[in-house]
Amino acid sequence: NLGFLLNELKRFAEAEQAYKNVSREDSKKLYVTTQVNLGILLKQQQRFEEAEQAFKNVTREDSVEQYAKAQFNLGILLKQQQRFDEAEQAYKNVGREDSVEYYATAQVNLGFLLNELKRFNEAKQCYKNVSRLDSVEQYVKAQFNLGTLLQQHKRFQEAEQAYNNVS
């Protein structure tokens with residue numbers, strides 16, 4: 001759409017306006033797509049409150065795929081602001097049934113966040129939630145992170161198995 005084109009041309013103010021010109025009443029599908037794009041644009045400009053609101057404007061009822069994308073990006077935004085509980089919830093809001101790709105990526109990010117918070121068992125489970133069928137790339141990351149986590153806890157046989165899952 002026009003907003004995306006203007007963003008690619010680095011005409012950010014015009015892109016923002018184009019995104020904002022689309023209302024839910026015009027087209028629900030286009031609205032949620034533009035809200036996600038607007039959130040990403042505003043996040044890049046460090047306008048975090050506005051970006052957060054744009055992501056929150058997207059509901060699962062509007063579009064499960066765009067909802068997953070919005071929640072995933074919201075999780076990243078909130079984690080960057082050290083709002084860890086909210087970031088955790090945003091990542092958890094992304095279900096496999098919404099988008100396999102975003103689910104896998106959200107689980108990897110959630111595992112990383114929980115590991116940073118020293119919630120190792122929960123982090124381990126997040127990494128284990130990602131299957132090769134979800135996303136090969138995210139599966140590899142999850143198994144690598146799982147191996148690293150297990151190795152740090154001196155669970156060497158389990159770590160070796162995780163590493164072997166991707167070799």
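This is a predicted model: local features need pLDDT of at least 70, side-chain atom pairs count only at pLDDT 80 or more; totals for chains, interfaces and linings use all residues.
Residues are numbered from 1 along each chain as its sequence is written, and side-chain values use heavy atoms, leaving out hydrogens and water. Local features need pLDDT of at least 70 and side-chain atom pairs 80 or more, while totals for chains, interfaces and linings use all residues.

**Stop 1: H2 and H3.** Select residues 12–20 (helix H2) and 28–44 (helix H3). Helices here are DSSP runs (H or I, at least four residues), numbered from the N terminus. The two axes, lines fitted to C-alpha atoms over the stretch in contact, come within 9 Å and cross at roughly 150°. That makes H2 roughly antiparallel to H3 (angle over 145 degrees, on a scale from 0 to 180 between N-to-C directions).

Now show the side chains. H2 contributes Phe-12, Ala-15, Glu-16, Tyr-19 and Lys-20. H3 contributes Thr-34, Gln-35, Asn-37, Leu-38, Leu-41 and Leu-42. Contact means heavy atoms within 4.5 Å.

**Stop 2: Lys-69.** Select Lys-69 in helix H5 (residues 64–80). Lys-69 is partly exposed, at 22% relative accessibility (the class between 20% and 50%, with a 1.4 Å probe and protein chains only). Leaving out residues up to four places away in sequence, Lys-69 touches Val-36, Asn-37, Ile-40 and Tyr-102. Check Asn-37: its C-alpha is 9.9 Å from that of Lys-69, 32 residues apart along the chain.

**Stop 3: Asp-62.** Move to the loop between helix H4 (48–56) and H5. Asp-62 is buried, at 14% relative accessibility (under 20%). Which residue's side chain makes a polar contact with the side chain of Asp-62? Select Arg-24: the distance is 2.5 Å. Such a contact pairs N or O atoms within 3.5 Å, one able to donate a hydrogen and the other to accept it.

Terms used. Helices (H or I, at least four residues) and strands (E, at least two) are DSSP runs, numbered from the N terminus. Angles under 35 degrees count as roughly parallel, over 145 as roughly antiparallel, 65 to 115 as roughly perpendicular and the rest as oblique.
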